[in-house]
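Dear colleague,

I am passing the structure below on to you, and after it I have set out what was found, for a first reading.

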Amino acid sequence: MNDKKKPAKANEKQSEMRELADTIFVRDFVVDCNVGVYAEEQGVTQKVRFTVEARLQKDVFSVEDEMAEVPSYADIIDIIVALARGGHIKLVETFAEKIAAQVLADKRIAAVRVVLEKLERGPLRGVEIIRPPSKAAAREFGRG
């Protein structure tokens, strides 16, 4: 997620009035991935469903209707696809951590929730993480 263009400064009054931050998200995005620690998961792909919610800083929102003012959900999709194409990852927890770290690299994002669900080879299973791992971040996503 790049800060290519300096976003327009939000109206100070608008920013002060905001008690809630906006969220960008990608939900139910299914990608073929090389992920898993078990022998039957090595050398094959399996469908993994991703849900990523990124809570923006409270002073980040569109004022001028310009894409450069806010982080993009397209960037989240690009992060997921690049990691999925980047080679085998043993643990879904590691996959989720890598997504979270790259999303949080954009300083306009305050917190992120990442859910990965393996859709094949048995019952639905996966992981959910919230980063930073704090009570405040968990509350942002209704988890604390």
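Please keep in mind throughout that the model is a predicted one. Val 30 sits in strand β1, and together with Leu 119 and Leu 124 it makes up a nonpolar patch on the surface, whose accessible area comes to about 240 Å² in total.

Glu 53 has a relative accessible area of 12%, and because buried means under 20%, it is classed as buried, whereas Arg 27, at 46%, is partly exposed. Both residues belong to a network of salt bridges that also links Arg 113, Glu 128 and Arg 143.

A further salt bridge joins the side chains of Glu 117 and Arg 49, at 2.8 Å from N to O. Glu 117 is found in strand β3 (residues 109-118) and Arg 49 in strand β2, so this pair ties together parts that are 68 residues apart in sequence. Arg 49 is partly exposed, with a relative accessible area of 22%. The side chains of Arg 121 and Glu 120 also meet in a salt bridge, at 3.6 Å from N to O; Arg 121 is partly exposed at 36% relative accessible area, and Glu 120 is likewise partly exposed, at 28%.

Turning to the interior, in soluble globular proteins nonpolar side chains tend to be buried together. Here the largest nonpolar core has 29 residues, and those with the most contacts inside it are Phe 50, Phe 95, Ile 99, Val 103, Val 114 and Leu 116. At least two residues of this core come from each of β1, β2, α2 (73-85), α3 (92-104), β3 and β4 (125-131), and α3 gives the largest share, with six residues. Leaving aside residues up to four places away in sequence, Phe 95 touches Cys 33, Val 35, Phe 50, Ile 80, Leu 83, Ala 84, Ile 89 and Leu 116. There is also a second, separate core of five residues, among them Ile 130, Ala 137, Ala 138 and Phe 141.

With best wishes

Conventions:
Residues numbered from 1 in each chain as written. Predicted model: local features only at pLDDT ≥ 70, side-chain atom pairs only at ≥ 80, totals over all residues. Heavy atoms only, no water. Buried < 20%, exposed > 50% of the residue type's maximum accessible area, 1.4 Å probe, protein only. Salt bridge = Lys/Arg side-chain N within 4 Å of Asp/Glu carboxyl O. Helix = DSSP H or I, 4+ residues; strand = E, 2+ residues; numbered from the N terminus. Patch = residues over 30% accessible without salt bridge, like charges linked within 9 Å, V, L, I, M, F, W, Y side chains within 5 Å. Areas by Shrake-Rupley, 256 points an atom, 1.4 Å probe, with all protein chains shown as cover. Core = buried A, V, L, I, M, F, W, Y, C linked by side-chain atoms within 4.5 Å. Contact = heavy atoms within 4.5 Å.
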